[in-house]
Amino acid sequence: MSRTPRQQRARRLRTFRITVFVALGLFFLVPLISMAEYSTRVNGGGRSGAAWAALVTDPDLRSGILTSLELAVLTVVGMIVLLVPTMVWVRLRVPKAARTIEFLCLLPLTIPALVIVVGIAPVYAWVTYFLGNSALTLTFAYVVLVLPYSFRALDAGLSGIDVQTLSDAARSLGAGWFTVIARVIVPNIASALLSAAFISVALVLGEYTFASLLDFQNMQVVIDYLGKSNSQASVAASLAALIFGFLLLLLLTLVGRRRRGEPAVLAPTPQPGQEG
Amino acid sequence: MKTRARRLLPTLGLVPFLGYLTVFLFIPTIIIVVGAFTDHGRASLTNIQGLANPTVWQALKQSLILSASTAAIGAVFGSLLAYALVSGNPSGLARRAATSVCGVLAQFGGVMLAFAFIATLSYSGSLTDLLRDHAGIDIFGSGWLFALPGLILVYSYFQIPLMVIVFLPALDGIRVQWREAAENLGATTWQFWRHVGGPLLFPAFLGSALLLFANAFASYATAAALVSQGNPITPLYIRAALTSEIILGRQNLAYALALEMIVVVAIVMAAYALLVRRTSKWLS
Amino acid sequence: MATAVTERTGLEVRLEGLSRHFGDVRALDNLDLTLHPGELVALLGPSGCGKTTALRLVAGLDEPDAGRILVGDRDVTHMPANKRDMGMVFQSYSLFPHLTTQENVAFGLKLRGTDRGAREKRAKEMLELVGLGHQANRYANQLSGGQQQRVALARALAIEPSVLLLDEPLSALDAKVRAQLRDEIRRVQLEVGTTALFVTHDQEEALAVADRVGVMNKGKIEQLAEPETLYNQPASHFVAEFVGLMNRVPCHVADGRVEVLGATLGAREGSLPSGPGDALVRPEQLEVAAAEGGSGRVITVSFLGSITRVRVRMPNGSELLAQASGAEAARLAADQVVTVSITAADVLVAPAD
């Protein structure tokens, strides 16, 4: 029996889809599989987990991972302290400034991270002068780096609630501004905060540009450095970091999906400042 | 006076935020602009003139080639993938999963991505070994992975998923009714894409490609981890200028290079904004 | 001739034994339907009854599992949609957003290679026909919903289609525009004389616009008839209840006679043959009169201008909706005891609920 034109078209479409999925699927999968293979091979045959064991035994790698985790926590705290009160305040008292604040928050997307590093180096001379030469001072730069993404997440969350009415109600019951923000607004944008925190953590854990050019040893810098002596360990660390980031960001899309009407935080507009 | 002061008071709440951005975003930008035009503390065009140096020029050219080619590759394959996703069940699990994965891969760059391709295609990479042992093909060649061709391949790994994410909304905006109405009025598949689908998607396609261009142009970490010798592209030239005190005999060349990057990205983003405005005329 | 519309008579359209399944669902079940040349037939039914499937099969946007479709003497069953020459008006949002109103209308002609001058002239004529001659350079997002549908109609007619297909063209509009555009569609269709198939779930719309209405249920046409016949002589209790307001009054049938509300009436064809059932009675076939010792009690009296609706509770607890006019209505009030009687000579009896 001959096929009708409509069936032929459906068939052509299916062939096209399968071709695209298989071809691009291979392109994306082969490097990941290679990482697993490469990091576990032993010269002369066999498999070994030695490179993976280095993730916990290698002192440099361990301290780099630790630094990055500390930086992630500090950046999240800094981001929340800087952004949440400002954004709530804008909505409550200076709505005229809303567009300006949005523009400023999204600005780091259009300025490449590398460019910021070039200009920020002299500023960091002062930062180290006051705070000492600690990798944790990277927090200041990282807060700027995560600003656009956190802003989008928080903005979506705040748009979902009536900030004005909530704060009026709380203040009529005798709450001060601090209480309004900490006890009334924040609990109502919990999932947006969680999204903002997730994406910030993911970005900080993958950050290399600032750390390497300002000469601090975070996880990515150590992985890169290690590559020169033990590329298998570097590949193992990369795969581990990638999987961790994968889980984190997938978790983020799940959190994002729970609230209806919130745009996915991950859908990026320009991100020239990004690692890549 | 009193009422005016009271009116200004709320604005004071923005001071911490603005102060922070001033120190860590505005001042660095100003430092670049000022630094690009000073030499040994005096106004000078020396650094800007340094941009005309053949090696700097070559790096910019390679950067533009890298950005343009990965933007093109990303745009073509990304839109094909996006169409393959859209033409399936829109609420299906496959589509949701693929979109999430693309979201992750678009962010996946830097050191980790460089090592992924080192594990695959370097001299002793898995794929290199496999092809050498079983097909007798030498895919490593003379080390193209660590030069411009390698960067093009590696960048495609995050450009294609980024295209999927930025282009998908535009594809979703194409209604089934338009397809059916065109068909009804006598359009073949080709005519539909030529007269309806194409013109409708073209601005979004071009806009997405511009984003990809800016994204590639601004990328640093992947290239830095992959290429440890030579400065084939502008970002790596900046690395050299930052890490060695004086390059090409100029102290502040890094500022001029950074300014060059700002200008290129600004031009691209301005073109993008123009395109977005044009599309929003129809799809509102 | 310089008339805006090419004079032509429509073609006959025949749907023969059409079936379409989606998985286990029988969207169309052996459907037969003939549209006479120049006739407008409305397919009416609840959502999921198969009416839209039937229309999409005619348009070629879907293919039947069995049966054939003939337009004039051409078998188009497996012809691709873009070769069928059918104009279709969709539910909404079908205008191409990047083209002006005029370019939208001229689109089909452009595909056919009509030269620019001729297609612009034709597009203008068609826009005049639907009353939008002055909006030629607007984009879809600058038009109201009603205007967009007029443009869609002009676009569908511009190609001089063999058949005009309308897929719930009014359902996305608000009530007032809907009534207006409904009459407009009918006027234009009569003027161009194209055979038309109109799909809707709104019975008022179907009755107002169509030469004949096919009431569909579960993939079949239950009854195909002129609007008056459909309303006054429904062939089945599904049709009776889907079209217009209908009371269910408990009754008893035997030997073609129906005992209901103390009267004995004839049983209409299609009635339950015997036993207890529900007589289907329209509000205007019920007469309410104030009477001591009546069995009903008035619940509400609603004045609707030319008529008055009276809601009555019967002894068995059921409610009946009756229609009264002028003088008698003025004598009725809530809580009044009344008698209810049937003015019809025969009724249709359905199995009791």
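**Entry 1: an aromatic pair between chains**

I looked up Phe140(A) and found it partly exposed, with a relative accessible area of 27%. I took buried as under 20% relative accessible area, exposed as over 50% and partly exposed as in between, with a 1.4 Å probe and protein chains only. The model is predicted: local features need pLDDT of at least 70 and side-chain atom pairs count only at pLDDT 80 or more, while totals for chains, interfaces and linings use all residues. Residues are numbered from 1 along each chain as its sequence is written, chains are lettered from A and ligands numbered from 1 in the order in which they are written, and side-chain values use heavy atoms, with hydrogens and water left out.

Rings of Phe, Tyr and Trp (its six-membered ring) pair if their centres lie within 6.5 Å; planes under 30 degrees apart count as stacked, over 60 as edge-to-face and the rest as tilted. Phe140(A) and Phe24(B) are stacked, because their ring centres are 5.1 Å apart and their planes stand at 0 degrees. This pair joins two chains, since Phe140(A) belongs to helix 6 (residues 138–159) of chain A and Phe24(B) to helix 2 (residues 15–36) of chain B. Helices here are DSSP runs (H or I, at least four residues), numbered from the N terminus. Phe24(B) counts as buried, at 7% relative accessibility.

**Entry 2: a pair within chain B**

I next recorded the edge-to-face pair of Tyr83(B) and Trp193(B), with 5.7 Å centre to centre and 80 degrees between the planes. The pair links distant parts of the chain, 110 residues apart: Tyr83(B) is in helix 4 (residues 54–86) of chain B and Trp193(B) in helix 10 (residues 189–218) of chain B. Tyr83(B) is partly exposed at 23%, and Trp193(B) is partly exposed at 28%. I also noted that Tyr83(B) and Trp193(B) form one aromatic cluster with Phe16(A) and Phe192(B).

**Entry 3: charges over rings**

I counted a charge as over a ring if NZ of Lys or CZ of Arg is within 6 Å of the ring centre and within 35 degrees of the ring normal. The charged end of Arg175(B) sits over the ring of Tyr93(C), 4.4 Å from its centre.
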